[in-house]
Amino acid sequence: MEHKTTIFRYIGGILLVSGTTIGAGMLALPIATAFLGFYPSLLVFVFCWLMMLISAFFFLDVNMSIEGEVNLITMAQRTLGTWAKVIAWIVYLLLLYSLIAAYIAASAPVFTTALSYVLRRPIPSWIGPFILPLVFGWFIYLGTLGVDWINKVFMCGLGISFILLIALVPSHIESSLLLHHDYSLSFVALAVITTSFGYHVIIPSLTTYMNHDVKHLRWTLVIGSIVPLIIYIVWQLLVLGTVPIGGKEGLAMAWKLGQSATEPLSKVVQSKILRSGALYFSFFAIVTSFLGVSLSLSDFLTDGFKLKKTWEGRLIACLLTFIPPIIFVFSSSRGFVVALEYAGTFVAILLIFLPAAMALKLKKPEFYLTKYAKILIGIIILYALFIVSVNITQQTGFFESITKKYLGN
């Protein structure tokens, strides 16, 4: 009986890591890697997966070294001091805000298209960003139980729609589209790919769930992160092998407009079922991610500002959760992609730099006392700083001159 319980916990842990990793970020992956090309993007995927796995191991070892059930902010304070706690608090807040902004921006065209179809009349685009918070913010207001119920339903929808895409898209794949490569734009995708492998925040809860079994925890992180890697690669094959990079409906234009991958996919393919599958997949991926992140931010703000869990307190928490991202979406014409790029910077600081910096303080396991550990920690820190510097460069418009050849101007 105990052995069966261990297996179920092992499987449950793997699903927790995979579920935390897979989200609406995958809708941006084909857009961000389109310039690079399918085969080169696979190398970048594996590299980013490995870097994030190493930083996750650092995170796990630091978490295991501190007694009690502690979160990232407490870990930063106890290992690095108050300055790290302040940075972790601020960056964690910005990360969640940027992710919610990405989901709101990605959902806007999906909702306006659906409403226009139902009402048989054009819907103003400015209405789109309000629909996701207004419709699904109610579940955030209700709390964990409300989110848990609707999330299970939508996760089923996500799985069914993804299976539908896998079944229908391959017949539309053109092998010639997969041969494109352009290494001059390798860095464009780093921030988005890194964000798409950000599962570290689940580790404190995972250690408790798996009874602090280090061996099983390490394998859980490895297997749990490989599952999304495989799904991302399949998704890359489907989109990059179907949608051309150039043209009015191409991936380059989608990148310029800040669209999700399902928009050009639904326009290029002729099958009505496939177009519907792409829209449903986009919808479910956005909503399931939105619910989890919004609930985390609402709880974080409730705790941080010591809000009472009355209807007034929950309402204030919801308003604080959704108003800043909505403002960002209206201020950025490429809200979805830009928000995920900013999220990449926050992930680099919070989930790569801080775990590596905290690992420098570890005395156990003995590996951390060796020069090899110091070298590995140094590499991870440099990787985090590199992502931040590339993203800053990207936001200044540095790469626009290189992408113009794909946009026809």
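Arginine 218 forms a salt bridge with aspartate 61, and their closest N and O atoms are 2.6 Å apart. A salt bridge here is a side-chain nitrogen of Lys or Arg within 4 Å of a carboxyl oxygen of Asp or Glu. The pair links distant parts of the chain, 157 residues apart: arginine 218 is in helix α10 (residues 214-240) and aspartate 61 in helix α3 (residues 38-65). Helices are DSSP runs (H or I, at least four residues), numbered from the N terminus.

This is a predicted model, in which local features need pLDDT of at least 70 and side-chain atom pairs count only at pLDDT 80 or more, while totals for chains, interfaces and linings use all residues. Residues are numbered from 1 along each chain as its sequence is written, and side-chain values use heavy atoms, with hydrogens and water left out.

By the salt-bridge rule the count comes to two. The other pair is glutamate 249 with lysine 267, with closest N and O atoms 3.9 Å apart. Glutamate 249 lies in the loop between α10 and α11 (251-257) and lysine 267 in helix α12 (residues 262-268), so this pair ties together parts that are 18 residues apart in sequence.

The table gives the accessibility of the paired residues. Buried means under 20% relative accessible area, exposed over 50%, and partly exposed in between (1.4 Å probe, protein chains only).

| Residue | Relative accessible area | Class |
|---|---|---|
| Arginine 218 | 24% | partly exposed |
| Aspartate 61 | 8% | buried |
| Glutamate 249 | 33% | partly exposed |
| Lysine 267 | 45% | partly exposed |

The largest nonpolar core has 141 residues, and Phe136 and Trp235 have the most contacts inside it. α5 gives the most to this core, with 18 residues. Such a core is a set of buried Ala, Val, Leu, Ile, Met, Phe, Trp, Tyr and Cys residues joined through side-chain atoms within 4.5 Å. Leaving aside residues up to four places away in sequence, tryptophan 235 touches Met26, Leu27, Pro30, Phe162, Leu165, Ala261, Thr262, Leu265 and Phe281; contact means heavy atoms within 4.5 Å.

Helix α14 (residues 311-331) has 21 residues and should span 30 Å at 1.5 Å a residue, which agrees with its end C-alpha atoms being 30 Å apart. The expected span is 1.5 Å times one less than the number of residues. Buried residues of α14 include Gly313, Phe322 and Val329, and its buried residues pack against α5 (82-119), α6 (128-142) and α13 (272-304). Phenylalanine 330 also lies in α14, but is partly exposed at 43% relative accessibility.

Terms used:
Helix = DSSP H or I, 4+ residues; strand = E, 2+ residues; numbered from the N terminus.
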